[in-house]
Amino acid sequence: MSSILHPTRRSLLKTAGLAAGALATPGLLRSAYATGQLTVADVGGAPGEAIKKAFYDPFEKATGIKVVGVAHDPDPVTQFKLQVDTKSYLWDVCMVTPDHVMRLTEEKDYTVPLEISGPETADLLPGMLTSNWLGFSVFGAVMAYRTDKYPDAGPASWADFWDVEKFPGRRGFYKGAWAALEFALLADGVAPKDLYPLDMDRAFKKLEELKPHVAVWWTSGAHNTQILQNGEVDMSDTWSARAYAAKAAGAPVKTVFQGGYSVDGWSIVKDAPNMAAAHKFIEFCMKPEQQGAYSSIVANGPSNKKAFDFMPADRAEVLPTAPQNFGNLYEIDSKWWSANYDAAVERMQEFLLQ
């Protein structure tokens, strides 16, 4: 995920303007979309390359249907809606989170039923398949620490993260509010099952305790990897793949799977021209072989439990949906964040300025 997974109203308006411009430019439409092939919008970058290797290329080889991957805006909801409303299609399938799906179905349903059932769904983790969305890429909002700073035993809980006497050292902490408020409440003794609706007053009161000990307020996934990798901080909250990136680069970093998770998945654009191929593609992405290939490239967990049979055994240690890790994670409540994101971010900004 990026730091702008949950945009402000201003960024949404900007996105709307860009998307409207693209939809009004036939040349841009022709370059991005053609009938007779499947066009899939993903997050681009390194994850986009992994998706191509694990899903697009094998699907094309198996079916003969060419898949063209394009990067969508950081928040794809406005683009998604404009295509349906104007019947000017850029994509058939789009990579979206449960939060996006919620916003795509609030007043009008911009998605279509997937109509997936049967024994092939039995190995999916709970909640990874809904009527209009298939989750395939699970990421954890967790913590990590440098093992050169804490060689014997580092922080193992969010109470430990807050305990500057027991674990002295430089802290990194996310400058946004998403997931951070939950960490404060966990540190204050709230059980994961009792987190939602979030008590923001209590969370910000607890954040006041940590604030003097935060050396770096990180702003993006890349920034988080950087401060863990170069030793600018001794511990930090993190997104699981970002901590793994620091470790893969050779840094002595250990991920502690205590926190929450969210999921990227696929939905089909309503009335997209290549509907049959879109359905076939999403069913293909459920296969454990493909999900195993994907999670062998990026450190996001598969939604199909059988996918672990198609990757090295030690790979599971770094994935949030491995059985030993997934049981320590709660599902981040997309409905609560969808309704309260702007208010939480505004309050976080005021908190940081104080």
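Which residue forms a salt bridge with K52, and how far apart are the closest N and O atoms? Please go on from there to the surroundings.

Analyst: This is a predicted model, where local features need pLDDT of at least 70, side-chain atom pairs count only at pLDDT 80 or more, and totals for chains, interfaces and linings use all residues. Residues are numbered from 1 along each chain as its sequence is written, and side-chain values use heavy atoms, leaving out hydrogens and water.

The partner of K52 is D57. Their closest N and O atoms are 3.1 Å apart. A salt bridge here is a side-chain nitrogen of Lys or Arg within 4 Å of a carboxyl oxygen of Asp or Glu. Both partners are partly exposed: D57 has a relative accessible area of 34%, and K52 has 37%. The scale calls a residue buried under 20% relative accessible area, exposed over 50% and partly exposed in between, using a 1.4 Å probe and protein chains only.

Now to helix α3, residues 45-63. Helices are DSSP runs of H or I with at least four residues, strands are runs of E with at least two, and both are numbered from the N terminus. Helix α3 packs against helix α12 (residues 288-297). The angle is about 160°, and the axes lie 9 Å apart. That makes α3 roughly antiparallel to α12. (Under 35 degrees counts as roughly parallel, over 145 as roughly antiparallel, 65 to 115 as roughly perpendicular, and the rest as oblique.) Axes are lines fitted to C-alpha atoms, for helices over the stretch in contact; angles run from 0 to 180 degrees between N-to-C directions.

The crossing of α3 and α12 is right-handed. That word applies if the near helix is turned clockwise from the far one by less than a right angle; anticlockwise gives left-handed. On the α3 side, P47, A50, I51, K53, A54, F55 and P58 make the contact. Helix α12 answers with Q290, Q291, A293, Y294 and I297. Contact means heavy atoms within 4.5 Å. Nine of these residues are nonpolar, two polar and one charged. Ala, Val, Leu, Ile, Met, Phe, Trp, Tyr, Cys and Pro count as nonpolar; Asp, Glu, Lys and Arg as charged; the others, Gly among them, as polar.

Helix α3 also meets helix α11, residues 275-285. These axes come within 11 Å and cross at roughly 115°. This crossing is right-handed too. F55, Y56, P58, F59, A62 and T63 of α3 take part. From α11 come A277, K280, F281, F284 and C285. The α3 contact with α11 divides into nine nonpolar residues, one polar and one charged.

Between α11 and α12 runs a loop that holds K287. K287 is partly exposed, at 37% relative accessibility. Its C-alpha atom is 7.8 Å from that of A307, 20 residues apart along the chain.

Back to salt bridges: the count comes to 11. One of them joins D188 and R202 at 2.7 Å, N to O. This pair links distant parts of the chain. D188 sits in the loop between α7 (180-187) and α8 (200-210), while R202, 14 residues apart from it, is in helix α8. D188 is partly exposed at 30%, and so is R202 at 34%. Another salt bridge pairs K193 with D194 at 3.3 Å, N to O. There K193 is exposed at 71%, while D194 is partly exposed at 44%. Shared partners also join D188, R202, K206 and E209 into one salt-bridge network.
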